[in-house]
Every structure is written in structure tokens, then in C-alpha cells.
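Reader: Got a new model to go through. Can you put it up, and we'll take it piece by piece?

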Amino acid sequence: MSDGQQGRRADRAGATGPGRRGIVQRRKVDALLVLALVLPIVVAGALAVTRGDDPATTYAAAPPSPARLTDASLVCAAASSSTAGDVMLSRVPGMRGGDVTVRVAEGEAVDLGGPRNLEVRTGELASVASDGDVLATGTAAAAPGLVGGRTGPARAAAECRAPTFDEWYVGIGAAAKQSSTIELANPDEGPAVVEIALHGRPGPLIEQELHGIRVAGHQVMRLDLSQLTPRRGTLAAHLTVVRGRVVSTVRHTYDPLGRGTPRIDFLPAQAAPATENLLLGVPSDGDGVVNLFNPGDDEARATVRVVSDSAIFTPAGLDEVVVPGGTVRQLPLSQVLTREAADGALGLQVVAAQPLVASVRVVGDDLGLIAPSTAIADDQPVTAVVPEGPKSLVLAGAERAGVVRVTATDARGEVLMDEQRVEVGADRGHSLELPDDAVLVTVRSTNTTIAGTVMLTGDRIGALRLWPADIDADVPVVRPE
């Protein structure tokens, strides 16, 4: 090949002089012959590499390998009332801990202020005195197992959450009576971009204001849907982060319009539509609705079951709920929690052949918004910061018989409940009353996965789901086959 290339350069040089035409033609033929001999060999070699004939140069993607988390962020939304208390930070058991960086958006401010350091250790509570949005960031040993919450005896309690990139809500409102504000917090220095798709009873809703939403670094953006896109009816939302990282929170207000005091609660997100949604912490005497959203194109039929302390069952006479594709449907809670079915009820289970998004809205003297619980793996300790006041731990979703151990401490670190045993089984729920002063609860399941929720009781309606804190990260691996 090299000789042929030199021949072509010589031909071009020689073509400028007279009497060289015969030599030029002969050298072109020689180059073509060389190419005819060499090209098949090159192509065959390339095919051999492509087909994996040479294992030394063939690579395949291996499953991700776990590695200890080295960077974690947590955002706690601004308080809903003066009784919500300060933000408290802690860790799951077994984490060494260290200093985290804390930023605060005071009051209604949108800017997460300057950083300061705060030591957060396992089994203890570190306080951030603010009723505004709080961002906590841990690196290296301070990253794994970071958890947070507000411990004041407020009626509404928001989850402190890590950034997510894709999540769903159903039960959102954009009217005067039922209104929602979507809060987007950017934990990083660079800007983030978010897309929000709304769906209602007629189907998808086109709202240009909710496309390409830019959230500046270390800032909080609040989107009042009753101002941006006023409309009646219950809505669903699909939130996608297309650039950067964002923590979203939905603050929902029920206003009886002159017939009482407005009630506020936080609507939890659902990670993805599911064929089985477990909604724990629904009061047995609650008055409200079950919200269902079908993100698919085909019609879905959903069965709503009651999770009680003795069984999981479908109430007598309750028909399937038909949910057309791309729409939201509601089922009155009174049709599910009838007088016979409500005895011992701890929550609901929604089962369908196609994935759905589900939530429950309970309205009384208080407003309670409940979303599906998350499965917790066995021998994976989960720690939650919870409000003071009357409350209980609700457990369900066990695959088989097992034991759950519960530890609870107060704000001073005094142990109020030391590995209290709860024997759990499949196809029923379980409830454990927690001490009023408990603000840090750790749950560990043995022999079975489990889902859990801390249910606010007394004059409050609400639930805080138990979430596994981020400890390890999946690291992609590419290695020779």
C-alpha cells in the first residue's frame, strides 16, 4: 500500500511534464492491483474483530459494581407552619459520618445562602435552625446514609429528599379550592433544566410555561399552578430533569373558600408507575378520594383493596375502577372503607395489569396526602427523622414471615424503644405505636422485604414514608469479555 501511494504522488508530479502519459497510466494500473490484493485482507481483519474473533480486543459491558457513596445531597422543604420546627439531620447506623455543608433559603427566599459546616453523626441529631428550605451536602465519609426531617409537632410534614431525575405525582390541583405549588431546588452550582407534563381527566394538557424550566444554581423555584395554569379538576404530573439535578416538592393547599381554615400538606412523589401500589397510613375513618393516573395509551382496570391487621381484601360490592389511557380517575374513599371494611384498616393496595400512579387525599379538620410506600430490603436498616406527637409505625408488603426490629430515640438521644420486635407476615398489615417524644426511628427487617410508613395520629392526618438512605452508588464497569 505504501508503494502504491508513493507511486500516485510520483504520477501527479510526472504528469506536468511532456512525454510522460504512458508511464502515468502504467503506474495507475499497478496501484489498483495492489489495492485489489490488500483490501480483502484489511476487510477480513476488520470483520474478525467485529465478530469477536480476537478476544483480546473485544469488550463488553459488565453489570455495575457497588461503591461507597462519595457525594450526597439532601433538601428539606420550607416549613408549612411555625410548629414544624427546625431541620434535624442524622445518619443510618454504621456510617462514620463527618461534616456536611449546609445552605439555607430563609423564609420565602429563593437563594440557598452561603455554606457552613455541621457535623452529623450516627444516632445523634444535628440541628439547622430555619423554617426555610435547607440543603445539606456531604462528601467522602460524610456522604453515605444522610437523613433529615423536621421534628416539631406540625400537622404537615415534608420528606427531606435526595435529587431525582424522573418522578410522578397524582392529586395535584390548579384551582382556588385545591391548589398546588411545585418547588424545585437545585443543589448544585450550575443551572438545571426541568420538564413538567400535566395530565387531567380529558388527557394531556399543553402548558408551554412548564417546558424548559431553568433553575439557577443553589436556588429554589416555586411554581404556583393556580396562577400558571388555572383549571378545575385533579391533575397528574410527570417531572423529568433533563439537565443537572433537582429536588422537587409539591405543597398542596385545600381551601374551603370561606367555610374554614385552609389546610396544607405535602404530596409525596412516586418513583415510577407500578402495577401494585401500597398506600400505608390511610386512617380507617378518613373521608376523601383515591387518585389514579394511567400514563399508558390503553385502558387500565384497577382493583382497590384494604390492608388490615388481619388480611388484604377487596371490599364486598366494590367494582374495578376503569382508567382510560392518559387520564386521571378518582374513587371516593367511602366506597372502599365501608363500615365493614374499615375495621382494623391500615392502608390500601391498588392492583392493575398496567402500571398506574396512585395517591390518597384525606380531608377533615386536617389534610392528609399519602403516596405509595417503598420496599425495604431485609437486613437494610432505615432511619427516619419524624415529628413529635402521637404517631404509629405501619408495616406491610412482607413476602414471607419475618421479624422487624424498631429503635426510637428522642431529641436528646435517649433511647425510648430498643429494638422492639414486630413479627410480620405476608398478606396483612401491622401497626406499632411509637412514643410521642420519638423523633429518630430506625427499622431493620429480617428474612423479608417490608414497606413502612410513620402515620401521624391524634388531631393530625399524614404519613411519612420510610426510605432507604443512599449509602452505595452503582459504578459502571466495562471490561474485556
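Author: One term before we start. Buried means under 20% relative accessible area, exposed means over 50%, and partly exposed is in between, with a 1.4 Å probe and protein chains only. This is a predicted model: local features need pLDDT of at least 70, side-chain atom pairs count only at pLDDT 80 or more, and totals for chains, interfaces and linings use all residues. Residues are numbered from 1 along each chain as its sequence is written, and side-chain values use heavy atoms, with hydrogens and water left out.

Reader: Fine. How many residues of strand 3 are buried?

Author: Five of its five, so strand 3 is mostly covered. Strands here are DSSP runs of E, at least two residues, numbered from the N terminus.

Reader: Which residues sit on which side of strand 3?

Author: V87, L89 and R91 are on one side, M88 and S90 on the other. Both faces are covered, and these residues are all buried.

Reader: Why the split into two sets?

Author: In a regular strand, side chains alternate between the two faces of the sheet.

Reader: What sheet is that? What's the strand order?

Author: An open sheet of three strands, order 6-3-8, with antiparallel pairing. Two strands pair if DSSP finds at least two bridges between them.

Reader: Which strands stand at the edges?

Author: Strand 6 (126-128) and strand 8 (146-150). Each has a single partner strand, so one side of each is left without a neighbour in the sheet.

Reader: And how far are neighbouring strands turned against each other?

Author: By 30° on average in this sheet, direction ignored. The axes are lines fitted to C-alpha atoms, and angles between N-to-C directions run from 0 to 180 degrees.

Reader: How many bridges between strand 3 and strand 6?

Author: Three, in the antiparallel sense, with strand 3 covering residues 87-91. V87 has V128 of strand 6 as its bridge partner. M88 stands opposite S127, also of strand 6.

Reader: Now strand 8. How many bridges join strand 3 to strand 8?

Author: Five, and the two strands run antiparallel. On that side, S90 stands opposite V147.

Reader: New topic. What's the order in the sheet of four strands?

Author: The order is 2-7-4-5. That sheet is open too, and its pairing is antiparallel.

Reader: Which are the edge strands there?

Author: Strand 2 (71-76) and strand 5 (116-120). Each of them pairs on one side only.

Reader: Zoom in on strand 5. How many bridges does strand 5 have with strand 4?

Author: Five, with antiparallel pairing. Strand 4 is residues 98-105.

Reader: Which residue of strand 5 is the bridge partner of V102?

Author: R116.

Reader: What about L118: where is L118 found?

Author: In strand 5.

Reader: Does L118 count as buried or exposed?

Author: Buried, because its relative accessibility is 15%.

Reader: And how far is L118 from T101 in space?

Author: The C-alpha atoms of L118 and T101 are 6.4 Å apart. In sequence, the two are 17 residues apart.

Reader: Switching to rings. How many aromatic pairs in the whole structure?

Author: A search finds one. Rings of Phe, Tyr and Trp (its six-membered ring) pair if their centres lie within 6.5 Å; planes under 30 degrees apart count as stacked, over 60 as edge-to-face, and the rest as tilted. The residues are W168 and F293, and their pair is tilted. Centre to centre is 6.3 Å, with 35° between the planes.

Reader: Where in the strands do W168 and F293 lie?

Author: W168 lies in strand 9 (residues 166-174) and F293 in strand 19 (residues 288-293).

Reader: Are W168 and F293 buried or exposed?

Author: Both W168 and F293 are buried.
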